Amino acid sequence: MDETYFDLNCPLDLALLADFHNSDPVPVLESLKNNKPDIITIAGDFVFGDRPRTGRLKIEENPNAVELLSGCSRIAPTFISPGNHEYTLIKADLKVIRRTGVTFLDNQWTEYKNTVIGGLSSAFFTAYKAFRANCPSKELYPKPDNTVRSRSIPPDMAWLDGFEQQPGYHILLCHHPEYYPKYLKNRKIDLILSGHCHGGQWQFYSPIHHRMRGVYAPGQGLFPELTSGVYDNRLVVSRGLANTTFVPRFNNPTEIIYIRKSSGK
Ligand SMILES: [Fe+2]
């Protein structure tokens with residue numbers, strides 16, 4: 001796992017974790033303890049898997065994720081927004097998550113030391129919540145219809161106007177970087193933190209773009225643009241903390257990102 005440092009004039013030292021997918025929390029927590037960020041942000045996909053069918057809660061099927069969240073909140077205030085792998089989480093799951101001490105931001109914001117921290121939930125999460133609220137099934141996690149899984153559903157943008165109008169430096173957790181060009185580029189948000197792409201699985205240097213590029217990313221397809229690093233000096237895309245496919249990563253190590261208020265490292 002790489003430790004990647006960026007200096008983006010953020011008023012806080014922060015850590016960005018993404019796509020942990022119930023993997024091993026030990027190296028992540030070790031790194032956080034050594035780096036001592038002011039806050040920890042988790043931009044989605046801390047759990048792994050689809051709709052549980054075991055009768056257990058989804059969060060109970062992801063014990064390493066609970067260990068990660070508890071460990072993070074012992075180190076620094078921790079803020080999370082849900083990604084697509086969290087899409088089925090229900091109130092009982094969220095109760096367990098909040099009990100770890102983290103702040104779960106589902107299309108909402110909170111204030112922390114002159115910053116406003118928001119979480120733009122994955123549209124899959126928002127769509128499943130609406131589907132479940134109107135579903136007559138008594139199942140804990142009813143099978144969703146196809147609309148929930150559609151990639152064309154937009155995220156809930158209604159709350160972003162109020163978020164933008166708050167005074168202070170604006171940080172937005174947004175699991176899907178593909179939302180940036182479609183929905184966020186023209187908004188007054190200082191820092192947008194995302195993941196989801198796992199670095200595009202294989203990374204190559206593009207002499208045309210003068211930067212590393214990935215090969216494939218869900219939501220962006222082949223040769224995606226936004227897979228790793230900083231774009232427009234404010235969108236930060238993590239390569240993630242785990243590998244979830246049988247295809248190995250190439251030239252694309254997992255990473256934890258540290259954004260420093262000054263370039264001390
Ligand atoms: Fe994802």
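**Figure 1. The open sheet that contains strand β2.** Six strands make up this open sheet of the predicted model, and they follow one another in the order β1-β16-β2-β3-β4-β5, with pairing that is mixed. At the edges stand β1 (2-7) and β5 (103-104), each of which pairs on one side only. Strand β4 (residues 78-81) is joined to β5 by two bridges, and these two strands run parallel. Within this pair, isoleucine 80 has phenylalanine 104 in β5 as its bridge partner.

**Figure 2. Strand β2 and its partner β3.** Strand β2 (residues 14-17) is covered on both faces, with Leu14 and Leu16 buried on one side and Ala15 and Leu17 buried on the other. Four bridges connect β2 to strand β3 (residues 39-43), and the two strands run parallel. Leucine 16 has its bridge partner in β3, namely threonine 41.

**Figure 3. The largest nonpolar core and the surroundings of leucine 193.** The largest nonpolar core has 57 residues, and the members that touch the most other members are Leu16, Leu17, Cys174, Ile192 and Leu193. When neighbours within four places in sequence are left aside, leucine 193 is in contact with Leu16, Thr41, Ala43, Ile171, Leu173, Cys174 and Val236. Another core, which lies apart from the largest one, consists of seven residues, including Phe124, Phe125, Ala127 and Val148.

**Figure 4. The packing of helices α1 and α2.** Helix α1 (residues 25-35) packs with helix α2 (residues 63-75) at an angle of about 10 degrees, and their axes are 10 Å apart. The two helices are therefore roughly parallel to each other, since angles under 35 degrees count as such. On the α1 side, Pro25, Val28, Leu29, Leu32 and Lys33 take part in the contact, where they meet Asn64, Glu67, Leu68, Gly71, Cys72 and Ile75 of α2. Sorted by class, the residues of this contact are seven nonpolar, two polar and two charged.

**Figure 5. The open sheet that runs from β6 to β14.** Six strands form this open sheet in the order β6-β7-β8-β9-β15-β14, and the pairing is mixed. The edges are taken by β6 and β14 (229-231), each of which has a single partner strand, so one side of each is left without a neighbour in the sheet. From one strand to the next, the twist averages 20 degrees. Three bridges link β14 to strand β15 (residues 235-237), and this pair runs antiparallel. Across the pair, tyrosine 231 stands opposite leucine 235 in β15.

Figure 6. With 28 C-beta neighbours inside 10 Å, histidine 196 counts as buried.

Key:
Residues are numbered from 1 along each chain as its sequence is written. This is a predicted model: local features need pLDDT of at least 70, side-chain atom pairs count only at pLDDT 80 or more; totals for chains, interfaces and linings use all residues. Axes are lines fitted to C-alpha atoms, for helices over the stretch in contact, and angles run from 0 to 180 degrees between N-to-C directions. Angles under 35 degrees count as roughly parallel, over 145 as roughly antiparallel, 65 to 115 as roughly perpendicular and the rest as oblique. Two residues are in contact if their C-beta atoms, placed from the backbone, lie within 7 Å. Ala, Val, Leu, Ile, Met, Phe, Trp, Tyr, Cys and Pro count as nonpolar, Asp, Glu, Lys and Arg as charged, and the others, Gly among them, as polar. A nonpolar core is a set of buried Ala, Val, Leu, Ile, Met, Phe, Trp, Tyr and Cys residues joined through C-beta atoms within 7 Å. A residue is buried if 20 or more other C-beta atoms lie within 10 Å of its own, exposed if 12 or fewer, and partly exposed in between; C-beta atoms are placed from the backbone. Two strands pair if DSSP finds at least two bridges between them.
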